[in-house]
Amino acid sequence: MSRISRLGIVAATGLLGLVAACTPGSNTSAPPSQANPSSVQTDPAKLGDVSLLIWDQEVRGGQAAQMKELNDAFQAKYPNIKLKRVSRSFDDLKTTLRLALSGNQPPDVVQANNGRSDMGEFVKANQLVPLDPYLKAYGWDKRYPESVRQYSQYTADGKTFGQGNLYGLPQVGEVVGIFYSKKKLAAAGLQPPKTWDEFQSSLATLKSKGDAPLVLGNLQKWPAIHVFGTVQGRTTAPDAIKQLGFGRKGGSWKADENLKAAQTLTDWVSKGYFNEGFNGQDYDPAWQSFAKGKGTYLIGGTWLEADLGKAMGDDAGFMLPPGTSADAKPIATGGTGLPFAITAKSKHPEAAAAYLNFITSADAMKTLAKTGNLPVADTSQQEVSGGLQKDVFTAFGKVVEADGLVPYLDYATPTMPDTIGAALQDLLAGKATPDKFADRLEKDYGAFAEANG
């Protein structure tokens, strides 16, 4: 989360009721296989009366606000296209989407985790529409660089991630970094650390003053992936992380650098750096407790910026994970938010493509920035208020410019989200050593990479 990661984005909120599947309109578009850029109708007003069912996971503050504003604007501009929206938490969407896509009346547009276990499997099952004809017709290739598009690309057989057809369009960029309380650092006589050694030293200082410095809620298991990825980026070369994250042959989880990262996490646990009961605490209550003054640091994604900024005001800061030196190249887990995709059984793929174009347009990027989100395109052109939002925009721009983004580790194989989530929970609980942790991941990754060529 997006994964994420991704996996990366999640909020366990009240589940909205299922909306009835869309009613066929008067203008059924040609199947995607017959579409080409010159034949795509890019004027939504000419598509007749259409009903689109949209499933998304934009459930929290700024995410929900931008989605409502853009949907209202689309509906006002194109009243012939009726939008029916179902909004679910990341976990709920992940659970129900697979079943919905195999049914007779799936949604027209869905947000799908771009990892192998979700988007990769949907591509393999021919459940998503290749967007390449629309890419050319709308000029998305000019707005979205290849470095962004690769996170939603698969070969038609679903085997190769990061190459092939385009299957989704994201609205937001994201990077996992470190949120911090300026007041708590100052009270401890500390400044935001500029190196990894300074960061680890600050953990010890904060703990000595009686407060667990790191806040984590790992009940869902995926949050620890972001924490591990942050540590791994200090011990392991970016190319090696990409090899593992994209499930490409030739890497090894048993490399010394990965074992060192795992050992660092176990050391943090033994030193009491995490809040008590973190492995059994829900993700949302954990970051909400940080916003209310618990702990000093929260390793998390930029999708939390709007909510933390609102709750903490000027006290909230954000930084990229510091490197081994103050001038080291920035390395951070990240990429794009969950992309929006068109389902293969949609009766109105052209209307769905028009909707995707609208919610990812230049004007949409302004709406995203205004509501506290991090637009994946035109980021440097946005006006930001300062404070936490400025920290986030600056950090994202810096790591993208340095080509320092590395993928979410659960992208690697269809089963890796479950494998690494469970392995990290055991590692953090003291039920597995770093060696056993690495063995577990190596078995999953190695078998898949070997079979996938």
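The model is a predicted one, where local features need pLDDT of at least 70, side-chain atom pairs count only at pLDDT 80 or more, and totals for chains, interfaces and linings use all residues. Residues are numbered from 1 along each chain as its sequence is written, and side-chain values use heavy atoms, with hydrogens and water left out.

Let's start with the sheet. Helices (H or I, at least four residues) and strands (E, at least two) are DSSP runs, numbered from the N terminus. Four strands form an open sheet in the order β2-β1-β3-β11, with mixed pairing; two strands pair if DSSP finds at least two bridges between them. Look for L53, which sits opposite K84 in β2.

Two helices cover parts of this sheet. α2 lies across β1, β2 and β11, at about 165 degrees to β2. Helix α15 (residues 349-359) touches β1, β2, β3 (109-111) and β11, and its direction makes about 165 degrees with that of β11. Such angles run from 0 to 180 degrees between N-to-C directions, with axes fitted to C-alpha atoms, for helices over the stretch in contact; contact means heavy atoms within 4.5 Å.

Now for a helix pair. Helix α3 (residues 90-101) and helix α4 (residues 116-124) pack at about 5 degrees, their axes 11 Å apart. On the α3 side, K94, L97, R98 and L101 make the contact, and they meet S117, D118, E121 and F122 of α4.

A cavity is a set of points on a 1 Å grid over the protein atoms alone where a 1.4 Å probe fits but cannot get out, and lining residues have an atom within 4 Å of a point. The largest cavity is lined by 22 residues, with E58, Q63, V172, W303 and N373 nearest its centre. α2 gives the most to this lining of the largest cavity, three residues. As for the second largest cavity, 13 residues line it, and L216, P223, Y283, L298 and I299 are closest to its centre. Here β8 supplies the largest share of the lining, four residues.

Notes. On a 1 Å grid over the protein atoms alone, a cavity is a set of points where a 1.4 Å probe fits but cannot get out, and a pocket is an open set with protein on both sides within 12 Å along at least five of seven lines; lining residues have an atom within 4 Å of a point.
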